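Let's walk through this model together, one step at a time. Have a look at the picture, and then follow along below.

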Amino acid sequence: MAEISKDVMTDIYYWLKLTRTIEDRVTILYRQGKIQGGAWTSHGMEAISVGYAFALDKDDIICPYFRDMGAFLVRGVTPKRIFAQYLGRKTGVTGGKEGNVHVGDLSLGIIGFPSHLTDNYPVATGVALSFKMRGEKRVVAACTGDGGTSRGDFHEAMNFASVRKLPVVFFCNNNQYAYSTPLRFQMAIKDVSQRAIAYGIPGETIDGNDILSVYSAAKRAYQRARDGEGPSFIECKTMRMHGHSEFDAAKYVPKELLEEWKKKDPVINYEKYLTEKKIVTSEKLAEIDKRIKSEIEEAVEFAEKSPYPEGKDALEGVYKV
Amino acid sequence: MKEISYIEAISEALMEEMERDKNVFILGEDVGVYGGAFRVTEGFYEKFGEWRVLDTPLSESGFTGAAIGAALMGMRPVVEMQFADFISCAFDQIVNVAAKNYYRWGGATPIVIRAPFGGNVHGGSFHSQCPEAWFFHCPGLKIVAPSMPYDAKGLLKAAIRDDNPVIYLEHKYLYRRIKENIPEDDFIVPIGKADIKREGRDITIITYGAMVHTALEAAKLLEEKGIDMEVLDLRTLLPLDKEAIFSSVKKTNKAMILHEATKTGGIGAEVASIISEEMFDYLDGPIIRITAPDTPVPYSPPMEEFYIPKVSDVIKAAEKLAAY
């Protein structure tokens, strides 16, 4: 594994902690009734989307899914736009047309996420196809969940990407539950990455709670794609530490499983790693935490003061004129 | 001017657009080496190569999704569904991804989905369907269905240049049966504009696709019976050209709708509704729908002949309406 610089490791901490702190705030806002509808977070899984997004270059593209808050942030969606989005305000990423992270912003290389999990895998193959047709050295990262790999679009995209050797890297957040359905009812294989074998795509299973593993595996796969060697599949094993959404108490998840995974918290462990290995001082980390806190306060205030769209704005933008 | 067939018009439009804009490319099943199941893209593979004429795996959802991704990156993909019937496999990508990208998050998605549709070719229930109503209910899509070579060429060019997803329904019965003299210069037929294919004073028949020809034949026979029928070819189904529909009904005060698709929840139901909502005062009689019955498309010739609306059905309906 190539050496990761101290600066990069410090930056990664910022994004990881920002993701955790923003989503903790999202949960509070939801419980306060300020976020309507639902709220889905990536608590305990943040390393995956921060890792795969941070390893990309600026011109690359992401096709994220709904537990990828970290990727949205790393690509440049500001906390202000995030909170305004969650609160349904005009200043949100979609101006109120959509909620949560159901957003895209091509100026930041983000393709919007459809709720139909894995719809974005085929879309990602098309993004990669355009790069290949135009001879561009760009790559695209797409993400889905373990449950999403059971859908036909998963199969169709993996197959097409492999046939045409497209520069796409497929990620899977394997958090062991698709809503309430455990993996054993989802597939009869041990690792999701085994699915890749059928397509002639290298599949890898990594510790999704170890940010540096995710970052390094992503870097390697992106390089392979840029070198014209085709797609890769990376399964990031993790655990969903809460319900499917804020309104799901997740009583179906055994307590012992959660206890076990609590020890593997990606944010706390990374913090420990940085300080114990004396890579970054705890003072420096505290400084970053402080900065995050104030950014979030400012963003929430901005969002709450932002106007709602008008009802009739719903009629705008069905077609591009 | 030169005479070309309906299928040649489609091929020419594709060829000219691919020559004009290097971002235009074709993907689908058997479109490359083989030249397409109906030979629309014959010779394209040789001319443009395997990266602009892509033979795809058998995966309608997968390659429609791929077209969407490429479109988001500035390409102009034209997807070929081998038969319109198979478009159902890509339904989710079309109605949830392509149709909503722009509204949800500003991602303009300029894809064209060509779909050979319609019956009268003894294709049975999976090679004869008219799927337009499935998509008609989906804001964000455009749907066109030409009846003549001029419209086929001009609408396909317009669809490729449009910044929105367009479903292009080409009637396979017309491919080699219909010819027309068309200009040799570059032209488009604007999406959203209907066309009067025959002027008339007594009744308006609103139709599209292969049924335009059924209506025209009926109009000729009705003339002998003293009924002057106007044939309005919608050409674009979504968005509907309300203005053209209303102005024709204002003139004739009598409206019929003719389509090959089944009746319930079809395009005709919508056209009848908007006429009734907005043109009620101008109507001298009921709005009549002539359509296929609510069944799958049957295979055996006597059943298929019974199923698809015929000239005699139009004449019967016109005589009934003319009596008001």
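Where the two chains meet, 37 residues of chain B are in contact with 41 residues of chain A. Keep in mind as you read that this is a predicted model. Together, chain B and chain A bury about 3300 Å² between them, and 63% of that lies on carbon and sulfur atoms.

B:Arg104 forms a salt bridge with A:Glu98, and their closest N and O atoms are 2.5 Å apart. Between chain B and chain A the count is three salt bridges, and 18 residue pairs are in polar contact.

Which elements give two or more residues to the side of chain B that touches chain A? They are β3 (53–55), α3 (60–72) and α4 (91–105) of chain B. Of these, α3(B) gives the most, with nine residues. Sorted by kind, the residues on this side of chain B divide into 18 nonpolar, eleven polar and eight charged.

Now let's turn to the sheet of chain B. Seven strands form an open sheet in the order β3-β2-β4-β5-β7-β6-β12, with mixed pairing. At the edges are β3 and β12 (236–238) of chain B, each of which pairs on one side only. On average, neighbouring strands of this sheet are turned by 20° against each other, direction ignored.

Finally, look at β5 (residues 112–117) and β7 (residues 166–171) of chain B: these strands run parallel and are joined by six bridges.

Technical notes. Residues numbered from 1 in each chain as written. Chains lettered and ligands numbered in written order. Predicted model: local features only at pLDDT ≥ 70, side-chain atom pairs only at ≥ 80, totals over all residues. Heavy atoms only, no water. Contact = heavy atoms within 4.5 Å. Buried area = accessible area lost by both parts, 1.4 Å probe. Salt bridge = Lys/Arg side-chain N within 4 Å of Asp/Glu carboxyl O. Polar contact = N/O pair within 3.5 Å; in protein donor to acceptor, adjacent residues only side chain to side chain. Helix = DSSP H or I, 4+ residues; strand = E, 2+ residues; numbered from the N terminus. Nonpolar A, V, L, I, M, F, W, Y, C, P; charged D, E, K, R; others polar. Pairing = 2+ DSSP bridges. Axes fitted to C-alpha atoms, helices over the stretch in contact; angles between N-to-C directions.
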